Number of protein chains: 2
Amino acid sequence: MSWSDPGTPGWPGKPGTDASTPRSPGPGSPDAARTLFRGGTSTPTAGWAPGWTQANLISVPADWAYDVLLFCQRNPKPCPVLDVTDAGDTSSVLAPGADLRTDLPAYRVWEHGELVDEPAEVTGRWRGDLVTFLIGCSFTFEWALGDAGVPLRHVEQERNVAMYVTDRECRPGGRLRGSMVVSMRPVPEHLLETATEVTRRMPAVHGAPVHSGDPSAIGITDLDRPDFGDRIEVPPGDVPVFWACGVTPQAAVMTSRPPFAITHAPGRMLITDVRDDQYLLA
Amino acid sequence: MSWSDPGTPGWPGKPGTDASTPRSPGPGSPDAARTLFRGGTSTPTAGWAPGWTQANLISVPADWAYDVLLFCQRNPKPCPVLDVTDAGDTSSVLAPGADLRTDLPAYRVWEHGELVDEPAEVTGRWRGDLVTFLIGCSFTFEWALGDAGVPLRHVEQERNVAMYVTDRECRPGGRLRGSMVVSMRPVPEHLLETATEVTRRMPAVHGAPVHSGDPSAIGITDLDRPDFGDRIEVPPGDVPVFWACGVTPQAAVMTSRPPFAITHAPGRMLITDVRDDQYLLA
């Protein structure tokens, strides 16, 4: 008999990143995608690298790391932490071969809560005291939705997912506070239950929807004007469904104004070497 | 339509501690148990307050809080964080009416990794800079085990559960490092699958077992000499089953020697006002 949930040795319970994790070969692989992004390709990552976990990124100076980690711990639905690096690290156990400074399609650079740049890589902006948080992303469960027959309208429409700042205040963590951000996917009404059940089983990547139907119930005044990403057409018979979103820490940066932060550009995620079923609860 | 997983307003995704949470009346209630403990009753809490979530406690000075939170984030199986207080707070949202300094049956006080006291309350030891971590406890899933027909040998034998330090190193978090601690329950061999399935659905209170069978496979040399708690007899036909344990941070304190820490005494937990099914994944 053996450890029933070993993960990597020394990682009790951590979803596996062990060397035996299979990698899909070719352009659908995390490596191939990251190589393209490192070379300058900038695109939303929805639909990329089927079956691999995608992650939001936020890097802050070490003296803000506790605030971010506490904020995430207190708001696990929008901010499920998949990894935290040590200060200055430029890679993560979730993607050992990736360089966190170059391998995402696009970044955002923040000073005192103001967006000051949206570059393709941040090598020149990097600091030795930056702690990086990788946070679960709903793109990870889109494959499961597709497998269950739920159409992905933003992929069909070749657009980034639509994201909105809601009126739901997160529980503050230290100096960090802000409202929950949600991503929206139109779902045919008869598949609403299916979409809920499929995603409920993946709490590490936001889990079940937080709302469906009337956008104004969560403080969204105009579905056609998302705060991040693209407008998505809601076909007749579809209902807008809202999932907690890992852009929430970015909204908290805008509200709480730490002196410096780097984040991914919304919808342009880190593609990791972790299979999405590692975060599936049986 | 409405928020499908509202939790407390402003707590996106946090298991509910809302005012409408029903409380069982009488001696089985969290309040009644805590009142007894506040009055001096010292006993393991296994079997107390049926259906209510129990929690491990560790309080450290604020300048060690990031190390503890990072250690827990990196080792979610033994250290699932249910709440983190702000510095100096003496209560938690998980049990608003409880005083964290007096309402556990017994505490341990640590200086530089040495156990210096095991008092019934810690009011005199409290400091304004203490941050308290409440961590999921496997006593929470014992009711689900019982409901599924799995006998609880330590309760039958009127003993504290047996706990052991394993040879599995946790992933370090800042200055905090140490080995994983496990709790052991004998399970009739034909119920092993049942016990695994029942607990797998409760990852916030340690989830599925990390091992079953040969104790030496995880570095336990003598089952009759637990590192914490009591020796439990393993009846013929039973198999020893090991779950990750929230005493793990205590072992890390012994190894890593922060200048000061307060913990619960092993097996003598905080009983919260949160129903255990709040941590059940459907």
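Trainee: What is the handedness of the crossing where α2(A) passes α2(B)?
Mentor: α2(A) passes α2(B) in a left-handed crossing. Left-handed means that the near helix is turned anticlockwise from the far one by less than a right angle, and right-handed that it is turned clockwise. Before going on, note that this is a predicted model: local features need pLDDT of at least 70 and side-chain atom pairs count only at pLDDT 80 or more, while totals for chains, interfaces and linings use all residues. Residues are numbered from 1 along each chain as its sequence is written, and chains are lettered from A and ligands numbered from 1 in the order in which they are written.

Trainee: At what angle do helix α2 of chain A and helix α2 of chain B pack?
Mentor: The angle is about 45°, and the axes are 10 Å apart. Both helices span residues 65–74 of their chains. Axes are lines fitted to C-alpha atoms, for helices over the stretch in contact, and angles run from 0 to 180 degrees between N-to-C directions. Helices (H or I, at least four residues) and strands (E, at least two) are DSSP runs, numbered from the N terminus.

Trainee: What does one call α2(A) and α2(B) relative to each other?
Mentor: They are oblique to each other. Under 35 degrees counts as roughly parallel, over 145 as roughly antiparallel, 65 to 115 as roughly perpendicular, and the rest as oblique.

Trainee: Which residues make the contact?
Mentor: On α2(A) they are A:Ala65, A:Tyr66, A:Leu69, A:Leu70 and A:Gln73. On α2(B) they are B:Ala65, B:Tyr66, B:Leu69, B:Leu70 and B:Gln73. Contact means C-beta atoms, placed from the backbone, within 7 Å.

Trainee: And what is A:Leu69 in contact with, leaving aside neighbours within four places in sequence?
Mentor: A:Leu69 is in contact with A:Val84, B:Tyr66, B:Leu69, B:Leu70 and B:Gln73.

Trainee: Which residues touch the most other members of the largest nonpolar core?
Mentor: A:Val68, A:Leu69, A:Val182, B:Val68, B:Leu69 and B:Val182, out of 152 residues in that core. A nonpolar core is a set of buried Ala, Val, Leu, Ile, Met, Phe, Trp, Tyr and Cys residues joined through C-beta atoms within 7 Å. Buried means 20 or more other C-beta atoms within 10 Å of the residue's own, exposed 12 or fewer, and partly exposed in between, with C-beta atoms placed from the backbone.

Trainee: New topic. In what order do the 5 strands of the open sheet in chain A come?
Mentor: The order is β8-β10-β7-β6-β9, with antiparallel pairing. β8 (211–212) and β9 (228–229) of chain A stand at the edges with a single partner strand each, so one side of each has no neighbour in the sheet. Two strands pair if DSSP finds at least two bridges between them.

Trainee: How many bridges join β6 and β9(A)?
Mentor: Strand β6 (residues 162–169) of chain A pairs with β9(A) over 2 bridges. A:Met163 has A:Phe228 as its bridge partner in β9(A).

Trainee: What does helix α5 of chain A lie across?
Mentor: Helix α5 (residues 192–200) lies across β7 (179–188), β8 and β10 (238–244) of chain A, at about 15° to β10(A).

Trainee: Over to chain B: how many residues of strand β5 are buried?
Mentor: 7 of the 7, so strand β5 (residues 130–136) of chain B is largely enclosed by the rest of the structure. Strand β1 (residues 52–61) of chain B pairs with β5(B) in the antiparallel sense over 7 bridges, and B:Asn56 stands opposite B:Ile135. β2(B) pairs with β5(B) over 3 bridges, also antiparallel; there B:Asp83 has B:Leu134 as its bridge partner.

Trainee: Where is B:Thr85?
Mentor: In the loop between β2 (81–84) and β3 (107–111) of chain B. B:Thr85 has 19 C-beta neighbours inside 10 Å, so it counts as partly exposed. B:Thr85 and B:Val131 are 46 residues apart in sequence, yet 5.8 Å apart in space, C-alpha to C-alpha.

Trainee: Last one, backbone angles. What is phi of A:His112?
Mentor: Near 50°, a positive value in a residue other than glycine. Most residues other than glycine have a negative phi. A:His112 counts as exposed, with 12 C-beta neighbours inside 10 Å.

Trainee: And A:Ala49, buried or exposed?
Mentor: A:Ala49 is buried, with 24 other C-beta atoms within 10 Å. A:Ala49 has a positive phi of about 50°, and lies in the loop between α1 (30–38) and β1 of chain A.

Methods
Contact = placed C-beta atoms within 7 Å.
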